[in-house]
Amino acid sequence: MEWFPSIEQAGSAAAYVLLYIAVFFLAKWIKSIFVPYRLDEQLTEHDNVAVAVSLAGYIAGVTAIFAGAVWPSGGGGFLSFWEEFALVAAYALGGVLLLNLARILNDRLMLHKFSVERELIRDQNPGTGLVEAAAYLASGLIIGGAIHGEGGGPVTALVFFALGQAALLLFGWLYARLSPYNLHAEIEDDNTAAGAGFAGGLISIGLIVMHAVAGNFSGWAEDLAALGLDLLLILVYLAGVRLIIDRFFLRRSNLQTEIARDRNLGVGLLEMVASVGFALVLILVI
């Protein structure tokens, strides 16, 4: 077992760490262009926790994209280090742009029943911050999955991102429809417990969709068929996770009572963690 990396390995690792730092700061600057408010002002002058939580989810999404780009790079062993480095940088920066586009789609199509900007800036609603953070992470996981693997290219990455993002929007809408309470109304009414539960659902859906779109490209017919089968897992998740929580974790109550009536943040966090855990098990066993 080698305890210490070679000079070449240490140099390449340092180069990728520096690249991540550069992408990190560039991603923050790009986000400041896409959002209709000043990030630094909200974070420091207004101490806006909702915006801070949203930004934390954005950073997690950027990290997921970078991980998908760098591991593996997709060079297949035929590219030089600097060619692979440039490829990783290009995919990572392109992914950051897609992440900001995904945020616009998520806000306008999935959270269309209220103004996300108003909830974040005027009301400083932490539940909305949690939901937007989870949407950032979910989209980041999907983008990271779309650019992960070998055999494809920018076109296949864009196609699988588009399909994955559409699946996230569809199943996010379905999750809200299956909720035993008016999910959007609860989030708009500053119910952090409802926001936490929905955030867990979005991250879980993002994990499953990431698994569906990730991997080496084998051909359109084969990969699209596999994508469709994997997406069926989300229906299993949507039907199963709330049943498990209601029947086994909350024997003396239910999600509707604890989240919608009592605004029990503990139960919301429980649903969030149970949802993500359930999704992780699903993608590990298939």
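Helices are DSSP runs of at least four residues, numbered from the N terminus. In this predicted model, helix H9 covers residues 192-213. Glycine 215 follows H9 and has a positive phi, near 110 degrees. At the N-terminal end, asparagine 191 caps H9. A side-chain oxygen of asparagine 191 lies 3.1 Å from the backbone nitrogen of alanine 193.

H9 contains 22 residues. The helix reaches 31 Å from its first C-alpha to its last, close to the 32 Å expected at 1.5 Å a residue. H9 is mostly covered, with 19 of its 22 residues buried.

One partner of H9 is helix H6, residues 126-147. The two axes come within 8 Å and cross at roughly 5 degrees. Angles under 35 degrees count as roughly parallel, so H6 and H9 are roughly parallel to each other. On the H6 side, the contact includes Pro126, Leu130, Ala134, Leu141 and Ala146. On the H9 side, the residues include Thr192, Phe198, Leu202, Ile203 and Met210. The residues of this contact divide into 19 nonpolar, five polar and no charged.

Asparagine 106 belongs to helix H4, residues 81-110. Asparagine 106 is buried, because its relative accessible area of 1% falls under the 20% cut-off. Beyond its neighbours within four places in sequence, asparagine 106 contacts Leu111, Ala135, Ser139, Gln165, Leu168 and Leu169. Among them, Ala135 is also one of the H6 residues that meet H9. A polar contact of 3.2 Å joins the side chains of asparagine 106 and serine 139. Glutamine 165 is 59 residues away along the chain, yet its C-alpha is separated from that of asparagine 106 by 8.9 Å.

Methods:
Residues numbered from 1 in each chain as written. Predicted model: local features only at pLDDT ≥ 70, side-chain atom pairs only at ≥ 80, totals over all residues. Heavy atoms only, no water. Axes fitted to C-alpha atoms, helices over the stretch in contact; angles between N-to-C directions. Helix = DSSP H or I, 4+ residues; strand = E, 2+ residues; numbered from the N terminus. Parallel < 35°, antiparallel > 145°, perpendicular 65-115°, else oblique. Contact = heavy atoms within 4.5 Å. Nonpolar A, V, L, I, M, F, W, Y, C, P; charged D, E, K, R; others polar. Expected span 1.5 Å × (residues − 1). Buried < 20%, exposed > 50% of the residue type's maximum accessible area, 1.4 Å probe, protein only. Polar contact = N/O pair within 3.5 Å; in protein donor to acceptor, adjacent residues only side chain to side chain.
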